[in-house]
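This report is for a reader who is meeting the structure for the first time.

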Amino acid sequence: MNTLYLYTIVGVGLFTLGLYALLIHSDLLRKILAINIMGSGVFLILVALAARTQGAVPDPVPHAMVITGIVVAVSATALALALVIRVRTKVGHANLPEQSLE
Amino acid sequence: MLSFLLPQRVKLLGLLIAAGVVAAVAALGWQVAELGAQRYAIGGWGAPLGIDLYADGLSLLMLMVNAVVCLGVSVYSTGYFNRAYFRRSRAIYFWPLWMFLWAALNALFLSSDIFNLYVTLELLGLSAVALVALAGGADALTSAMRYLLINLLGSLFYLLGVALLYHRFGSLDITILSQHIEPSPAVWVAMGLMTSGLLLKTALFPMHFWLPAAHASAPAPVSALLSALVVKASFYIFLRLWLEIFPVDSSVFGELLGVLGAIAIFWGGVQALRQTRLKMLIAYSTVAQLGYLFLAFPMASYFAWKGALFILLSHALAKTAMFMAAGNILHFGGHDRIQDFDHVVQYQPLTSAAFALAGISIMGLPPSGGFIGKWLLLEAAINSGQWWLVIIIIMGGLLAAAYIFKVIGYAFTQSRKSHQTRRVPIRMEWTALILAIAAILLGLIAPWPLAIMDIGLPFSGEAAG
């Protein structure tokens with residue numbers, strides 16, 4: 001039970017850390033990394049929660065979900081990186097412009 | 001897939017597929033209307049493990065409006081992507097991405113479990129981002145980037161909620177979940193996470209900041225799609241979850257959503273009035289119209305849900321027509337600055353008529369679809385004695401009238417500047433007009449979609465409201 005909660009708490013920690021980094025950094029590469037860390041946090045939570053009862057065989061469905069999730073995350077990251085390159089060649093720097101919240 | 005292989009035939013292929021999907025949706029519609037809600041287990045695995053498709057009145061309506069809008073956009077795009085200044089390589093990318101987006105939308109409306117919804121949501125997000133980036137300018141690329149980050153963030157929140165729900169109840173199927181759900185801290189947390197993720201994607205008021213830039217900088221058919229369907233997709237998931245899974249007596253959340261929706265109506269309306277460019281104006285108008293959808297939550301009655309859905313349908317049609325009209329004007333004059341419109345009405349009578357008709361639906365004047373939706377919402381508000389909602393709905397209509405008449409006014413007058421003009425393919429004008437007419441017709445055939453909503457309706461039990 002302890003390891004289960006440890007993993008879950010680490011997962012939540014990663015999620016929060018990623019969210020924080022996503023919000024404060026303006027550099028696009030850092031933002032993409034932050035999103036990936038958030039994703040890893042969610043996957044860790046999913047895997048940790050799959051072991052419902054101590055000692056029993058873990059539930060396979062969350063594992064399938066994590067695999068699907070990883071595929072999605074990889075393709076999303078690829079698209080994001082490709083976009084960063086395009087933004088850099090067009091704009092000259094890889095930052096999002098400051099946006100007034102109108 | 002095929003459209004990657006046959007770049008020469010891509011337009012023809014796109015249109016053929018479009019026609020095929022429309023036929024399939026029509027067949028499904030007949031089936032649902034005759035036999036009630038349908039469930040189909042892919043590969044015969046069945047609910048707990050396999051992937052189920054589920055179609056009831058709600059998904060059928062979404063599929064239908066989807067089919068109509070997408071067919072329109074397909075026809076429009078054959079004209080739009082012919083233009084000289086659109087590099088041919090880009091135009092080739094449009095079709096596969098567009099088919100991908102459409103497939104994701106259809107899958108989303110048919111999914112019956114919450115993890116599948118996550119996957120389709122991601123597919124939708126990724127293809128939508130790629131389509132925004134097609135425009136290719138610096139504006140388009142940065143707003144595509146922001147859109148992508150927002151999308152991923154929203155999806156991760158949603159996925160975390162899914163993880164919690166699965167841990168608590170051991171199932172992903174919406175029907176099974178709805179039987180087992182009970183108020184508990186885990187459910188509240190999951191609900192909070194999923195709600196905030198989906199609201200981010202639906203662009204409800206404080207989280208709307210990404211929408212106008214992304215919608216305004218995309219190519220015209222893409223903006224039409226984003227405004228008409230993509231934001232509605234996350235709203236659809238939200239509605240499903242809210243109605244079927246989460247405990248209904250969450251009135252504080254409902255009030256909060258209603259207040260946010262109300263602020264969105266005002267804020268979007270005022271911002272739309274302030275814009276100087278047509279596509280930005282239409283994008284802010286989308287923010288305002290999305291606000292209406294959330295007004296149904298504090299009332300949570302039968303009429304309110306129907307009203308919100310009706311606004312959703314008519315907005316999808318009308319907003320597509322509006323963005324197409326904007327695309328035509330942009331193409332014709334080479335700019336979309338509202339003040340410099342030069343006798344648009346004389347040069348493009350069909351486009352102007354499309355814009356005006358769509359505007360009627362957005363404002364909610366009879367006999368349009370928007371009117372029926374607002375009427376149902378008003379009725380629900382009066383029935384439940386929530387007068388502040390009545391005032392907001394009426395004020396929102398006035399604001400919409402103000403910004404639409406602003407555009408139409410300039411369309412009649414002569415501009416001081418003269419500019420070069422280009423001919424717009426006639427089918428681009430006609431599709432805009434036909435969709436606008438469809439938005440109006442939706443009001444005249446109102447009983448029919450309302451009856452479809454009743455098939456396998458998640459909220460039919462509350463008919464007394």
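## The interface and chain B

Across the interface of chain A and chain B, zero salt bridges are found by the rule. The model is a predicted one. Between chain A and chain B, one residue pair is counted in polar contact, with both residues at pLDDT 80 or more. On the side of chain A that touches chain B, the elements giving two or more residues are helix 1 (2-24), helix 2 (28-50) and helix 3 (60-91) of chain A. The most comes from helix 3 of chain A, which gives 15 residues to that side.

Sorted by class, the side of chain A that touches chain B is made up as follows.

| Class | Residues on the side of chain A that touches chain B |
|---|---|
| Nonpolar | 26 residues |
| Polar | four residues |

How many residues does each chain bring to the contact? Chain A brings 36 residues and chain B brings 37 residues. Together, chain A and chain B bury about 3400 Å² between them, and 79% of this area lies on carbon and sulfur atoms.

Chain B can also be described by itself. Its secondary structure consists of 19 helices and two strands. Chain B has 465 residues, of which 65% count as buried. Among the contacts in chain B with a separation of 6 or more, 81% are between residues 24 or more positions apart.

Definitions and conventions: Residues numbered from 1 in each chain as written. Chains lettered and ligands numbered in written order. Predicted model: local features only at pLDDT ≥ 70, side-chain atom pairs only at ≥ 80, totals over all residues. Heavy atoms only, no water. Contact = heavy atoms within 4.5 Å. Buried area = accessible area lost by both parts, 1.4 Å probe. Salt bridge = Lys/Arg side-chain N within 4 Å of Asp/Glu carboxyl O. Polar contact = N/O pair within 3.5 Å; in protein donor to acceptor, adjacent residues only side chain to side chain. Helix = DSSP H or I, 4+ residues; strand = E, 2+ residues; numbered from the N terminus. Nonpolar A, V, L, I, M, F, W, Y, C, P; charged D, E, K, R; others polar. Buried < 20%, exposed > 50% of the residue type's maximum accessible area, 1.4 Å probe, protein only.
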